[in-house]
Amino acid sequence: MRRDEPPPATAYALFAHEPGGTLHPEAAGWIGAALAERGIAVRRVEAAAPGDLLAAAAALRGQAGAPALLLVGHGAAGAAALAAARELPEVVAVATLGAPSATPELSLETLRAAAAELHRPLLVFHSPLDEAVAIESAWRLLDAAKQPKSFVSLDNADHALSRARDARYAGEVLAAWAARYVEVEEEIPGVDAGAQEGVLVVAGPRGLAQQIVARRHRLRADEPETVGGTDTGPTPYDLLVTALGACTGMTLRLYADRKGLPLEGVRVRLRHGRIHGADCAACETKEGKVDRIERDIELLGQLAPEQRQRLLEIADRCPVHRTLTSEISIVSRLV
């Protein structure tokens, strides 16, 4: 895809946070991932004022036409999102987290007026324990807004959403709520998911995003924006190592259950890369580069050392592991 071609996403979220602000570095990623799973491409924006969001929207408009926009803002950036929404006809809904955090340019009364004139769905996330922005400010904002409006209490969360469980919960609720207002391409014309044999992967007329149908399940694959994608799903190599990780966990569970081992859970972290063949002692290839998958396996439960060692050996026997390390024949044909 040429860099000047518009991306295939039908909807975007502009996720605004303050420059050097208080949002936990990983929280935006957790929330963005939940939106991406719904097919909503996420652009993160540092927004100190409404103008920053207007500029980001203008750049996106020039690249992708005028896609439906979901504005999401944290803290003072949430205030900027409220103020900017009135000037962006593409915006279909607005959500704030830990806002309104008034700024010298945007007083609380100004934000209340912006909420009253929003004329779009509004979702306000706030924690009763937020020490940076009092929850009363959120209630006053919500009171000024017209319907449809919603409030979600992030019980026991801090302002930064530093706990993964809090950020993920906010992301899941936000994604479900946004799906009511942001239309994304979910159906594939002429495809009955339940009747598919094998796995079907469908590419659109442009861009890198792919729709995947596996029996009755639908997934997406994409690439990060840095390489020309729109980051609406995991990459092909993410999916490849995911298959190995899932198979590893299933194989260990079946073995532990059969042998009566006290295995309480398995966590598998995988990384794909390429190394020089000369650096791989177990590889036959010594020239050029070879693919390498690193698999870190965490076994939960009161297991004896010899039981852990045996489970590590069993991990190498999972079917996907055997497939990846055996000779593979791929037959391609036009249909």
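**Notebook: a first walk through the model**

I began with contacts (heavy atoms within 4.5 Å): in the protein chain, residues 24 or more positions apart account for 64% of those with a separation of 6 or more. A note to myself: this is a predicted model, in which local features need pLDDT of at least 70, side-chain atom pairs count only at pLDDT 80 or more, and totals for chains, interfaces and linings use all residues. Residues are numbered from 1 along each chain as its sequence is written, and side-chain values use heavy atoms, with hydrogens and water left out.

**Entry 1: the whole chain**

I looked up the elements and found nine helices and 11 strands. Helices (H or I, at least four residues) and strands (E, at least two) are DSSP runs, numbered from the N terminus. Of the 335 residues, 42% count as buried; that means under 20% relative accessible area, with exposed over 50% and partly exposed in between (1.4 Å probe, protein chains only). The chain exposes about 18,300 Å², and carbon and sulfur atoms supply 51% of that area, by the Shrake-Rupley method with a 1.4 Å probe.

Next I traced an open sheet with the order 7-8-9 and antiparallel pairing; two strands pair if DSSP finds at least two bridges between them. Strand 7 (199-203) and strand 9 (217-221) are at the edges with a single partner strand each, so one side of each has no neighbour in the sheet. I then followed strand 7 to strand 8 (residues 210-214), and found five bridges in the antiparallel sense. Val202 has Gln211 of strand 8 as its bridge partner.

Which residues of helix 4 (residues 108-116) are buried? I listed Leu108, Leu111, Ala114 and Ala115.

In helix 5 (residues 135-144) I stopped at Ser137. Ser137 counts as buried because its relative accessibility is 18%. Leaving aside neighbours within four places in sequence, Ser137 is in contact with Pro100 and Leu108.

**Entry 2: Trp177**

My last stop was Trp177 in helix 6 (residues 164-178), buried with a relative accessible area of 9%. Not counting residues up to four places away in sequence, Trp177 touches several residues, including Leu70, Val94, Pro121 and Ser150. Trp177 and Ser150 are 27 residues apart in sequence, and their C-alpha atoms are 9.4 Å apart in space.
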